[in-house]
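Please brief me on this structure.

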Amino acid sequence: MMTPIWLGTSWKMNKPLSQAMAWCETLAARMPEGCHPAIQPFVIPPFTAIQPVSHFLQTHQLPLLTGAQNMHEADQGAWTGEISAAMLAETGATLVELGHSERLAAFNESDAAINRKVHSALGHGLRPLICIGDSAEEKRWQVSRESVVRQMKIALYGLSHQQALRTLIAYEPVWAIGEHGTASPQEAGVIHQALRQALCERFGHETGTRIPLLYGGSVTLQNAVELLRQQEINGLFIGRAAWDAQGYCDIVQRVTQEFILQAQ
(Lines give C-alpha, C1' and ligand atoms only; values in the text may rest on other atoms or scores of the structure.)
Protein backbone atom coordinates (compact mmCIF):
# COMPACT_ATOMS: atom_id res chain seq x y z
CA MET A 1 0.00 0.00 0.00
CA MET A 2 1.56 3.29 -1.05
CA THR A 3 1.92 6.18 1.38
CA PRO A 4 -0.75 8.78 0.58
CA ILE A 5 0.27 12.07 -0.95
CA TRP A 6 -1.03 14.88 1.26
CA LEU A 7 -2.39 17.87 -0.66
CA GLY A 8 -3.99 20.66 1.30
CA THR A 9 -4.42 24.37 1.77
CA SER A 10 -4.95 26.89 4.54
CA TRP A 11 -7.01 29.95 3.69
CA LYS A 12 -5.48 32.10 6.48
CA MET A 13 -7.79 35.07 7.29
CA ASN A 14 -9.65 34.86 4.00
CA LYS A 15 -13.04 33.69 2.74
CA PRO A 16 -16.11 34.67 4.75
CA LEU A 17 -18.76 31.97 4.81
CA SER A 18 -20.29 32.75 1.39
CA GLN A 19 -16.88 32.47 -0.29
CA ALA A 20 -16.01 29.35 1.68
CA MET A 21 -19.15 27.59 0.50
CA ALA A 22 -18.59 28.75 -3.08
CA TRP A 23 -15.15 27.11 -2.92
CA CYS A 24 -16.80 23.89 -1.76
CA GLU A 25 -19.42 24.03 -4.52
CA THR A 26 -16.73 24.39 -7.18
CA LEU A 27 -14.80 21.50 -5.63
CA ALA A 28 -17.89 19.28 -5.75
CA ALA A 29 -18.43 20.16 -9.42
CA ARG A 30 -14.78 19.61 -10.40
CA MET A 31 -14.24 16.43 -8.36
CA PRO A 32 -17.63 14.71 -8.24
CA GLU A 33 -15.98 11.34 -7.67
CA GLY A 34 -13.64 12.71 -5.02
CA CYS A 35 -9.91 11.96 -5.21
CA HIS A 36 -7.90 8.89 -5.97
CA PRO A 37 -7.45 7.00 -2.66
CA ALA A 38 -3.69 7.54 -2.88
CA ILE A 39 -4.28 11.28 -2.39
CA GLN A 40 -5.19 12.65 1.03
CA PRO A 41 -6.71 16.11 0.48
CA PHE A 42 -7.39 18.61 3.24
CA VAL A 43 -8.54 22.19 3.73
CA ILE A 44 -8.04 24.55 6.68
CA PRO A 45 -10.64 27.34 6.68
CA PRO A 46 -10.99 30.18 9.20
CA PHE A 47 -12.74 29.21 12.42
CA THR A 48 -16.14 30.52 11.31
CA ALA A 49 -16.27 28.19 8.31
CA ILE A 50 -14.93 24.94 9.77
CA GLN A 51 -18.28 23.42 10.74
CA PRO A 52 -20.22 24.30 7.53
CA VAL A 53 -17.29 23.26 5.34
CA SER A 54 -16.95 19.97 7.24
CA HIS A 55 -20.68 19.33 6.91
CA PHE A 56 -20.64 20.09 3.17
CA LEU A 57 -17.71 17.77 2.51
CA GLN A 58 -19.30 14.98 4.51
CA THR A 59 -22.73 15.24 2.90
CA HIS A 60 -21.20 15.38 -0.59
CA GLN A 61 -18.92 12.43 0.27
CA LEU A 62 -15.78 14.38 -0.57
CA PRO A 63 -12.72 12.89 1.16
CA LEU A 64 -11.14 16.16 2.32
CA LEU A 65 -10.15 16.42 5.95
CA THR A 66 -10.81 19.79 7.57
CA GLY A 67 -8.61 21.58 10.05
CA ALA A 68 -8.21 24.70 12.15
CA GLN A 69 -5.46 27.30 11.89
CA ASN A 70 -4.64 27.48 15.60
CA MET A 71 -5.83 26.50 19.08
CA HIS A 72 -5.04 27.22 22.72
CA GLU A 73 -3.10 24.71 24.77
CA ALA A 74 -5.59 24.76 27.69
CA ASP A 75 -8.76 22.68 27.71
CA GLN A 76 -10.84 25.55 29.10
CA GLY A 77 -10.56 28.66 31.21
CA ALA A 78 -10.28 32.43 31.23
CA TRP A 79 -8.66 32.78 27.81
CA THR A 80 -10.76 35.41 26.10
CA GLY A 81 -10.76 35.09 22.34
CA GLU A 82 -9.17 31.63 22.28
CA ILE A 83 -10.48 28.24 21.16
CA SER A 84 -9.67 24.86 22.71
CA ALA A 85 -8.97 21.51 21.11
CA ALA A 86 -12.25 20.12 22.48
CA MET A 87 -14.18 22.95 20.82
CA LEU A 88 -12.44 22.30 17.51
CA ALA A 89 -13.18 18.59 17.67
CA GLU A 90 -16.91 19.42 17.88
CA THR A 91 -16.77 21.38 14.59
CA GLY A 92 -15.75 18.36 12.54
CA ALA A 93 -12.10 19.40 12.33
CA THR A 94 -9.63 16.53 12.42
CA LEU A 95 -6.44 18.53 11.83
CA VAL A 96 -4.99 21.59 13.52
CA GLU A 97 -2.24 23.77 12.08
CA LEU A 98 0.31 24.74 14.73
CA GLY A 99 3.41 26.91 14.71
CA HIS A 100 2.96 28.82 11.46
CA SER A 101 5.65 31.48 11.11
CA GLU A 102 3.02 34.22 11.00
CA ARG A 103 1.78 33.11 14.43
CA LEU A 104 5.31 33.01 15.80
CA ALA A 105 6.18 36.46 14.47
CA ALA A 106 2.93 38.33 15.12
CA PHE A 107 1.75 36.62 18.31
CA ASN A 108 5.08 35.65 19.91
CA GLU A 109 4.30 31.94 20.10
CA SER A 110 7.28 29.99 21.43
CA ASP A 111 8.56 26.56 20.47
CA ALA A 112 7.67 25.32 23.97
CA ALA A 113 4.09 26.57 23.55
CA ILE A 114 3.80 24.69 20.27
CA ASN A 115 4.88 21.51 22.05
CA ARG A 116 2.15 21.99 24.66
CA LYS A 117 -0.41 22.57 21.91
CA VAL A 118 0.71 19.39 20.13
CA HIS A 119 0.09 17.36 23.28
CA SER A 120 -3.29 18.99 23.84
CA ALA A 121 -4.38 18.41 20.23
CA LEU A 122 -3.44 14.73 20.34
CA GLY A 123 -5.26 14.35 23.66
CA HIS A 124 -8.47 15.45 21.97
CA GLY A 125 -8.12 13.35 18.83
CA LEU A 126 -6.84 16.11 16.56
CA ARG A 127 -3.91 15.55 14.24
CA PRO A 128 -1.31 18.34 14.57
CA LEU A 129 0.08 19.80 11.37
CA ILE A 130 3.29 21.30 12.73
CA CYS A 131 4.80 24.12 10.68
CA ILE A 132 8.53 24.76 10.85
CA GLY A 133 10.68 27.09 8.78
CA ASP A 134 13.92 29.01 8.43
CA SER A 135 14.28 32.75 8.01
CA ALA A 136 16.17 34.52 5.25
CA GLU A 137 18.91 35.29 7.77
CA GLU A 138 19.23 31.66 8.83
CA LYS A 139 19.44 30.66 5.17
CA ARG A 140 22.18 33.22 4.57
CA TRP A 141 24.05 32.06 7.67
CA GLN A 142 23.74 28.44 6.42
CA VAL A 143 22.01 27.17 9.56
CA SER A 144 18.66 26.28 7.97
CA ARG A 145 18.93 22.57 8.69
CA GLU A 146 19.89 23.08 12.33
CA SER A 147 17.08 25.59 12.80
CA VAL A 148 14.23 23.51 11.42
CA VAL A 149 15.41 20.28 13.07
CA ARG A 150 15.52 22.11 16.42
CA GLN A 151 11.97 23.42 15.92
CA MET A 152 10.71 19.95 15.01
CA LYS A 153 12.42 18.22 17.94
CA ILE A 154 10.92 20.67 20.43
CA ALA A 155 7.43 20.34 18.89
CA LEU A 156 7.61 16.54 19.15
CA TYR A 157 9.19 16.43 22.62
CA GLY A 158 7.63 13.88 24.93
CA LEU A 159 5.57 12.09 22.27
CA SER A 160 5.37 8.31 22.11
CA HIS A 161 5.99 6.56 18.80
CA GLN A 162 2.25 6.13 18.31
CA GLN A 163 1.61 9.80 19.00
CA ALA A 164 4.37 10.83 16.60
CA LEU A 165 2.70 8.83 13.85
CA ARG A 166 -0.39 11.04 14.32
CA THR A 167 1.56 14.19 13.45
CA LEU A 168 2.32 15.90 10.16
CA ILE A 169 5.35 18.13 9.64
CA ALA A 170 5.20 20.99 7.12
CA TYR A 171 8.46 22.66 6.13
CA GLU A 172 7.64 26.23 5.15
CA PRO A 173 10.72 28.41 4.57
CA VAL A 174 9.79 31.87 5.84
CA TRP A 175 11.71 33.40 2.96
CA ALA A 176 9.46 31.55 0.47
CA ILE A 177 5.99 32.20 1.92
CA GLY A 178 3.54 34.43 0.07
CA GLU A 179 4.92 36.23 -2.94
CA HIS A 180 8.60 36.12 -1.95
CA GLY A 181 9.54 33.24 -4.26
CA THR A 182 9.94 29.56 -3.50
CA ALA A 183 12.58 27.06 -2.55
CA SER A 184 13.87 25.06 -5.48
CA PRO A 185 12.94 21.38 -5.39
CA GLN A 186 16.57 20.62 -4.57
CA GLU A 187 16.66 23.11 -1.68
CA ALA A 188 13.44 21.71 -0.27
CA GLY A 189 14.71 18.16 -0.74
CA VAL A 190 17.88 18.80 1.27
CA ILE A 191 15.88 20.13 4.22
CA HIS A 192 13.41 17.26 4.05
CA GLN A 193 16.27 14.75 4.09
CA ALA A 194 17.64 16.40 7.24
CA LEU A 195 14.20 16.27 8.85
CA ARG A 196 13.76 12.61 7.95
CA GLN A 197 17.16 11.74 9.37
CA ALA A 198 16.30 13.51 12.63
CA LEU A 199 12.95 11.71 12.85
CA CYS A 200 14.64 8.35 12.38
CA GLU A 201 17.25 9.16 15.01
CA ARG A 202 14.53 10.18 17.47
CA PHE A 203 11.88 7.52 16.84
CA GLY A 204 13.72 4.75 14.98
CA HIS A 205 13.60 3.88 11.30
CA GLU A 206 10.18 2.20 11.27
CA THR A 207 8.37 5.14 12.88
CA GLY A 208 10.60 7.90 11.54
CA THR A 209 10.02 6.97 7.91
CA ARG A 210 6.22 6.95 8.32
CA ILE A 211 5.71 10.51 9.62
CA PRO A 212 4.52 12.59 6.64
CA LEU A 213 6.72 15.52 5.63
CA LEU A 214 4.99 18.23 3.60
CA TYR A 215 6.48 21.19 1.77
CA GLY A 216 4.77 24.57 1.80
CA GLY A 217 6.04 27.83 0.40
CA SER A 218 4.74 29.32 -2.85
CA VAL A 219 3.60 25.98 -4.25
CA THR A 220 2.08 26.31 -7.73
CA LEU A 221 0.70 24.12 -10.48
CA GLN A 222 4.03 24.60 -12.25
CA ASN A 223 6.33 23.42 -9.43
CA ALA A 224 4.11 20.90 -7.59
CA VAL A 225 5.26 17.83 -9.52
CA GLU A 226 8.98 18.61 -9.27
CA LEU A 227 8.69 19.22 -5.53
CA LEU A 228 6.96 15.87 -5.03
CA ARG A 229 9.70 14.11 -7.01
CA GLN A 230 12.03 14.79 -4.08
CA GLN A 231 12.43 11.58 -2.12
CA GLU A 232 11.31 12.77 1.32
CA ILE A 233 8.50 15.14 0.31
CA ASN A 234 5.23 13.33 1.05
CA GLY A 235 2.83 16.14 0.27
CA LEU A 236 2.24 19.82 -0.34
CA PHE A 237 0.77 22.52 1.88
CA ILE A 238 -0.48 24.97 -0.73
CA GLY A 239 -1.17 28.66 -0.25
CA ARG A 240 -2.73 31.16 -2.63
CA ALA A 241 -2.55 28.79 -5.63
CA ALA A 242 -5.28 26.73 -3.94
CA TRP A 243 -7.45 29.56 -2.65
CA ASP A 244 -9.24 29.31 -5.96
CA ALA A 245 -10.97 25.93 -5.95
CA GLN A 246 -10.21 25.34 -9.62
CA GLY A 247 -6.53 25.97 -8.92
CA TYR A 248 -6.61 23.44 -6.11
CA CYS A 249 -8.36 20.86 -8.27
CA ASP A 250 -5.84 21.41 -11.07
CA ILE A 251 -2.96 20.61 -8.70
CA VAL A 252 -4.72 17.51 -7.35
CA GLN A 253 -5.41 16.26 -10.88
CA ARG A 254 -1.88 16.89 -12.11
CA VAL A 255 -0.35 15.10 -9.13
CA THR A 256 -2.77 12.19 -9.61
CA GLN A 257 -1.82 11.94 -13.28
CA GLU A 258 1.93 12.15 -12.70
CA PHE A 259 2.37 9.94 -9.64
CA ILE A 260 -0.54 7.51 -9.57
CA LEU A 261 -2.14 6.89 -12.94
CA GLN A 262 1.18 6.65 -14.81
CA ALA A 263 2.46 4.14 -12.26
CA GLN A 264 -0.49 1.79 -12.73
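The points below are grouped by topic.

This is a predicted model, in which local features need pLDDT of at least 70, side-chain atom pairs count only at pLDDT 80 or more, and totals for chains, interfaces and linings use all residues. Residues are numbered from 1 along each chain as its sequence is written, and side-chain values use heavy atoms, with hydrogens and water left out. The model holds five aromatic pairs. It also has one cavity of 30 Å³ or more. The largest pocket has a volume of about 510 Å³.

**Terms**

- Helices (H or I, at least four residues) and strands (E, at least two) are DSSP runs, numbered from the N terminus.
- Buried means under 20% relative accessible area, exposed means over 50%, and partly exposed lies in between (1.4 Å probe, protein chains only).
- Cavities and pockets are found on a 1 Å grid over the protein atoms alone. A cavity is a set of points where a 1.4 Å probe fits but cannot get out. A pocket is an open set with protein on both sides within 12 Å along at least five of seven lines. Lining residues have an atom within 4 Å of a point.
- Grid points are joined across faces, edges and corners, and a volume is the space filled by probe spheres set on the points.

**Helix α5**

- Helix α5 covers residues 111-123, which is 13 residues.
- An α-helix has 3.6 residues a turn, so residues three or four places apart point the same way.
- Just after α5, Gly125 takes a positive phi of about 80°.

**Largest pocket**

- The lining has 20 residues, of which Lys12, Met13, Gln69, Asn70 and Arg103 lie nearest the centre of the pocket.
- Helices α2 (47-59) and α4 each supply at least two lining residues. The most comes from α4, with three.
- By class, the lining has seven nonpolar, seven polar and six charged residues. Nonpolar covers Ala, Val, Leu, Ile, Met, Phe, Trp, Tyr, Cys and Pro; charged covers Asp, Glu, Lys and Arg; the others, Gly among them, are polar.

**Largest cavity**

- The largest cavity has a volume of about 50 Å³.
- Gly99, Leu104, Asp111, Ile114, Ile130, Cys131, Ile132, Gln151 and Ala155 line the largest cavity.
- Two or more lining residues come from each of α5, β5 and α7. The largest share, three residues, is from β5.
- This lining divides into six nonpolar, two polar and one charged.

**Aromatic pairs**

- Rings of Phe, Tyr and Trp (its six-membered ring) pair if their centres lie within 6.5 Å; planes under 30 degrees apart count as stacked, over 60 as edge-to-face and the rest as tilted.
- Among the five pairs, Trp23 and Tyr248 form a tilted one, 5.6 Å centre to centre with 40° between the planes.
- Trp23 lies in helix α1 (residues 17-30) and Tyr248 in helix α12 (residues 245-261), so their pair ties together parts 225 residues apart in sequence. Both residues are buried.
- Phe42 and Phe237 have ring centres 5.7 Å apart and planes at 35°, so this pair is tilted.
- Phe42 sits in strand β2 (residues 39-44) and Phe237 in strand β8 (residues 235-238), 195 residues apart.
- Phe42 is buried at 0% relative accessibility, and Phe237 is buried at 3%.
- Ring pairs link Trp6, Phe42 and Phe237 into a cluster.

- Most residues other than glycine have a negative phi.
- Lys15 is not a glycine, yet has a positive phi of about 70°. Lys15 is in the loop between β1 (5-10) and α1, and counts as buried at 15% relative accessibility.
- Gln61, also not a glycine, has a positive phi of about 55°. Gln61 is in the loop between α2 and β3 (65-68), and is exposed, with a relative accessible area of 71%.

Note on methods:
Expected span 1.5 Å × (residues − 1).
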